[in-house]
Number of protein chains: 2
Amino acid sequence: MATEPQESATRLAAETWESLFRTQVAVMRKLQTGTAFKALPVNEYDVLFNLSQCPSGWLRLNELNDHVLLSQSSLSRMVERLEKRGLVERTTAPEDGRGVLLSLTEAGKELQREVGRSHVRDIAGIVKPALTPAEQRELRRLTDKLRASLQHR
Amino acid sequence: MATEPQESATRLAAETWESLFRTQVAVMRKLQTGTAFKALPVNEYDVLFNLSQCPSGWLRLNELNDHVLLSQSSLSRMVERLEKRGLVERTTAPEDGRGVLLSLTEAGKELQREVGRSHVRDIAGIVKPALTPAEQRELRRLTDKLRASLQHR
DNA sequence: CGATACTAGATGCAAATGCATCTATCTTGG
DNA sequence: CCAAGATAGATGCATTTGCATCTAGTATCG
């Protein structure tokens, strides 16, 4: 190696993230040309998806905010819009008068499932021809590990 | 397997993308709390970075657009702003009167390098403790492969 | 060559975004 | 128990974004 160990480790970390990020952008651009996101902007789908994944069916606004790339105020207003469109319900949190709990309405669940299906088709069309199943599992393992490491601190 | 091969392959592809995407969001959220992106919004940094990576130093607006998650009109106006701030230069493309060529000014290069350095530090702080060097190389290989497969069609 | 279709960017305009700030609720130390 | 500080979310306002459309330069086909 031409550089010191510390420096080359930093460089490797940066290149790893760089590749992950560029790939995310490239796939996202491709997905945006597909059918799924004509119906619903990506950020709105992401909100519906996160709510659909929540086991209890209810999620605090600030928790949701951790999973979405939006500022607190933007998310607050997006949820307001989604509520007006009848896709999401809001309640004051029972144990904390400041908090807001969110859940999908039936219409919201339905829309999420529908868009989700076409979304999954688009993704499969991109990922399947690119990586073998074993490679996909390994990629998933590595990204899971990286993400887990962020949550535990 | 409980499901048919075709279906489970689709599911695997979707879960792989899902994990990649969620990880990108989580890392991005972490990065946004760091010092690097206080100086410059992420999208603007991404534009400066892409220009800095271009070997010839000049890049067509529409090529740049392929690498950035912004609509054509948004990018057009962002570049206009960056030019006003003296970070980017524009010229009409010599071989195509419709096209616009972009490059960084000295101030733009300087700012990119400076923000880039602190950006790299932040990234290293996230990635190094999460994955071994071998895992990082494997992750980079897989994301490179996925991205390459998009470009070749 | 000339008409037609196509492509690269710019622009009007409505909607979405983020920052700073505000209000209301909760927590803590005396 | 209360005052000071912290936290959740909402809101005013300027900026940014994207869609649709427009303009201008280029390619194609008769």
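This is a predicted model: local features need pLDDT of at least 70, side-chain atom pairs count only at pLDDT 80 or more; totals for chains, interfaces and linings use all residues.
Residues are numbered from 1 along each chain as its sequence is written, chains are lettered from A and ligands numbered from 1 in the order in which they are written, and side-chain values use heavy atoms, with hydrogens and water left out.

Around DNA strand D there are 23 residues, of which A:Ser76, A:Arg77, A:Arg90, B:Ser74 and B:Gly97 come nearest; a residue is near a molecule or strand if one of its heavy atoms lies within 4 Å of it. Of the atoms of DNA strand D that come within 4 Å of the protein, 64% belong to sugar and phosphate. At least two residues of the surface near DNA strand D are supplied by each of α4 (61–66) and α5 of chain A and α5 of chain B, where helices (H or I, at least four residues) and strands (E, at least two) are DSSP runs, numbered from the N terminus. By class, this surface has 4 nonpolar, 10 polar and 9 charged residues; Ala, Val, Leu, Ile, Met, Phe, Trp, Tyr, Cys and Pro count as nonpolar, Asp, Glu, Lys and Arg as charged, and the others, Gly among them, as polar.

DNA strand C is likewise considered with its surroundings. Phosphate oxygens of DNA strand C lie 2.5 Å from a backbone N or O atom of A:Gly97 and 2.8 Å from a backbone N or O atom of A:Ser71. In chain B, an N or O atom in the side chain of B:Arg60 is 2.8 Å from a phosphate oxygen of DNA strand C. The elements giving two or more residues to this surface are α5 (72–84) of chain A, and α4 (61–66) and α5 (72–84) of chain B.

In chain B, 3 strands form an open sheet in the order β1-β3-β2 with antiparallel pairing, two strands being paired if DSSP finds at least two bridges between them. Because β1 (59–60) and β2 (88–92) of chain B stand at the edges, each with a single partner strand, one side of each is left without a neighbour in the sheet. Within β3(B), B:Leu101 is the bridge partner of B:Arg60. Helix α3 (residues 42–53) of chain B packs on the sheet and touches β1, β2 and β3 of chain B (contact means heavy atoms within 4.5 Å), and its direction makes about 95° with that of β3(B); axes are lines fitted to C-alpha atoms, for helices over the stretch in contact, and angles run from 0 to 180 degrees between N-to-C directions. Across β2 and β3 of chain B lies α5(B), running at about 115° to β2(B).

Chain A has an open sheet of 3 strands in the order β1-β3-β2, with antiparallel pairing. In β3(A), A:Leu102 is the bridge partner of A:Leu59.

Notes
A polar contact is a pair of N or O atoms within 3.5 Å; within protein, one must be able to donate a hydrogen and the other to accept it, and residues adjacent in sequence count only if both atoms are side-chain atoms.
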